[in-house]
Amino acid sequence: MQHVLIGLCSAALLLITGCTSKHLEIFPDLSNPGLTDQKIAPEKLYDDIDAFIAGVTERHPAYSRYADISQIHQQAARIKAGLIRPLTRVEFFREVGTLSHYFNDGHTFLLWPYQEYQALKEEGALMFPFALDVFPSGIFVKYDYHANGQTLRKGTRLLRINDVNVETIFSHAQQFVGGETELLRKHVVAARFPMMLWAVYGFVDRFDLDVQTSDNIHQISIRPDDNWQPASQPDIGSDFAYRVLSKDTGYLKVATFDVSPDWFEDFVDATFLQIRQQGIKTLIIDIRENGGGNTDTASYLARHLADQPFRMISSLRERLNTDNRGLFNYRGEVGDMLQEEWGEWLDPVDDSRRFSGNAYVLISPLTYSSAIVFATAVKDNAMATLVGRQTGGYANQTAQGNLFNLPHSELRAYVATRLLVRPDGSTEVSGVKPDIRVTITSEQISAGTDADIQAAVEHAAGITARQ
């Protein structure tokens with residue numbers, strides 16, 4: 001495919017064109033490094049708020065479909081009314097950043113003050129040390145952790161941080177991130193929690209926690225010298241992993257598509273060769289934590305499941321702006337909307353390499369961007385059965401992010417310029433629905449049971465029993 005989707009958790013921008021234009025840089029240097037310590041006058045902050053809104057509406061391919069622009073202007077006026085003194089970039093972010101969730105798009109938001117955050121990390125500041133999971137029943141610790149003879153178990157429920165209710169933290173912090181739904185935004189907060197906790201609340205170095213295990217509530221104090229570390233567990237810290245679950249069932253974790261296509265192709269080729277040699281009949285592909293990345297990598301994985309030519313999307317629309325209209329406006333004028341049917345059909349890999357058994361793809365509210373494109377492609381082209389929970393992002397994804405600075409604070413905004421329509425052509429505004437919907441219970445969370453994998457294994461067993 002000739003476009004790139006940027007995931008919610010991307011560490012780098014992968015560009016097919018190899019271009020390094022300013023509007024494609026995620027983290028450029030500030031024009032003046034001293035800006036991190038300066039206070040900016042309210043009048044200039046008003047200009048920045050207006051520039052944020054204008055920059056999005058000039059670039060986004062369907063902002064009126066995603067957002068209520070009158071509501072955004074109302075919120076902007078409310079924020080301006082409260083800006084009565086000069087603010088630093090971090091202080092300003094805690095005000096203007098709340099506009100992000102009103103755009104209702106995971107590819108459109110204001111980035112955190114990354115220079116200040118990076119400086120703190122380089123100074124050795126302690127950021128929140130635990131990975132978290134979001135479920136309807138609460139916020140839970142994702143892995144086992146240990147430090148100085150203490151253990152914090154996977155499935156422990158987090159109640160409060162520094163005397164602030166964790167549900168309040170998530171409800172407030174979700175306003176500062178992009179996402180089509182509050183559910184998606186809360187999962188994004190969890191994925192970025194150490195940074196979000198600092199950017200929104202200023203919590204760093206000291207974390208006093210109230211946690212619940214079964215019916216017991218107790219306190220844990222986290223300090224810089226504690227050195228909490230995750231216990232050794234399968235796949236922890238790895239974006240890519242393959243293992244055999246049983247004699248004929250394999251599990252493949254693909255937690256991002258934001259990776260070199262060459263490396264990914266080698267990984268997929270080697271993995272599917274191993275799958276074939278092992279005689280795997282049921283393959284579970286886990287993209288629950290996959291926030292997207294390069295659609296070329298998503299396409300390559302899909303080719304290993306397909307048995308006939310297929311398309312990843314059916315059509316594309318793009319709004320032109322000063323950055324993407326091309327040299328001498330050869331693509332069109334600023335504001336023009338380009339729309340085209342997608343004519344690129346992909347062939348399956350040859351029969352000796354593709355998987356021909358029962359394929360399951362695990363999805364969750366955090367599955368996003370090119371991972372959603374992958375999920376709709378395998379669903380609409382009948383390559384695999386989707387298992388899990390509905391995605392928080394829409395099935396028809398925005399793409400091809402542009403970036404721009406607010407003029408005075410130089411806070412950086414990210415905005416989508418393309419809209420992709422799923423292979424079956426449906427324009428329904430909703431998340432991707434699993435074929436097998438899984439409801440995860442508190443007992444499963446506490447026991448560390450992976451309900452999604454269990455559901456896929458049980459479904460595959462039922463197919464085998466009927467054969």
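**Exercise 1. Find which residue of β17 stands opposite Ile363, and describe how the two strands pair.**

Solution. Start with the residue itself: Ile363 has Gly388 of β17 as its opposite number. Next, look at the strands: β16 (residues 358-363) and β17 (residues 385-388) run parallel and are joined by four bridges. Strands here are DSSP runs of type E with at least two residues, numbered from the N terminus. Two of them pair if DSSP finds at least two bridges between them.

A word on the model before going on: it is predicted, so local features need pLDDT of at least 70 and side-chain atom pairs count only at pLDDT 80 or more, while totals for chains, interfaces and linings use all residues. Residues are numbered from 1 along each chain as its sequence is written, and side-chain values use heavy atoms, with hydrogens and water left out.

**Exercise 2. Work out which strands stand at the edges of the open sheet.**

Solution. First write down the order, β11-β12-β13-β16-β17-β20: six strands with mixed pairing. Then go to the edges: β11 (240-246) and β20 (436-437) each have a single partner strand, so one side of each lacks a neighbour in the sheet. Finally, follow β11 to its partner: β11 pairs with β12 (residues 249-254) in the antiparallel sense over six bridges. Phe240 stands opposite Val254 in β12, and a hairpin through two residues joins β11 to β12.

**Exercise 3. Describe how β2 and β3 are arranged.**

Solution. Take the pairing first: β2 (residues 132-135) and β3 (residues 138-141) are antiparallel, with four bridges. Now pick a pair of residues: Leu132 stands opposite Val141 in β3.

**Exercise 4. Name the residues that touch the most other members of the largest nonpolar core, and list the contacts of Phe374.**

Solution. A nonpolar core is a set of buried (under 20% relative accessible area, 1.4 Å probe, protein chains only) Ala, Val, Leu, Ile, Met, Phe, Trp, Tyr and Cys residues joined through side-chain atoms within 4.5 Å. The largest has 121 residues, of which Phe52, Phe128, Ile161, Leu209, Leu301 and Phe374 touch the most other members. Now zoom in on Phe374, leaving aside neighbours within four places in sequence: Phe374 is in contact (heavy atoms within 4.5 Å) with Phe257, Ile287, Ala298, Leu301, Ala302, Leu305, Met312 and Val361. A second, separate core has 17 residues, including Leu362, Val387, Val438 and Ala455.

Conventions:
Buried < 20%, exposed > 50% of the residue type's maximum accessible area, 1.4 Å probe, protein only.
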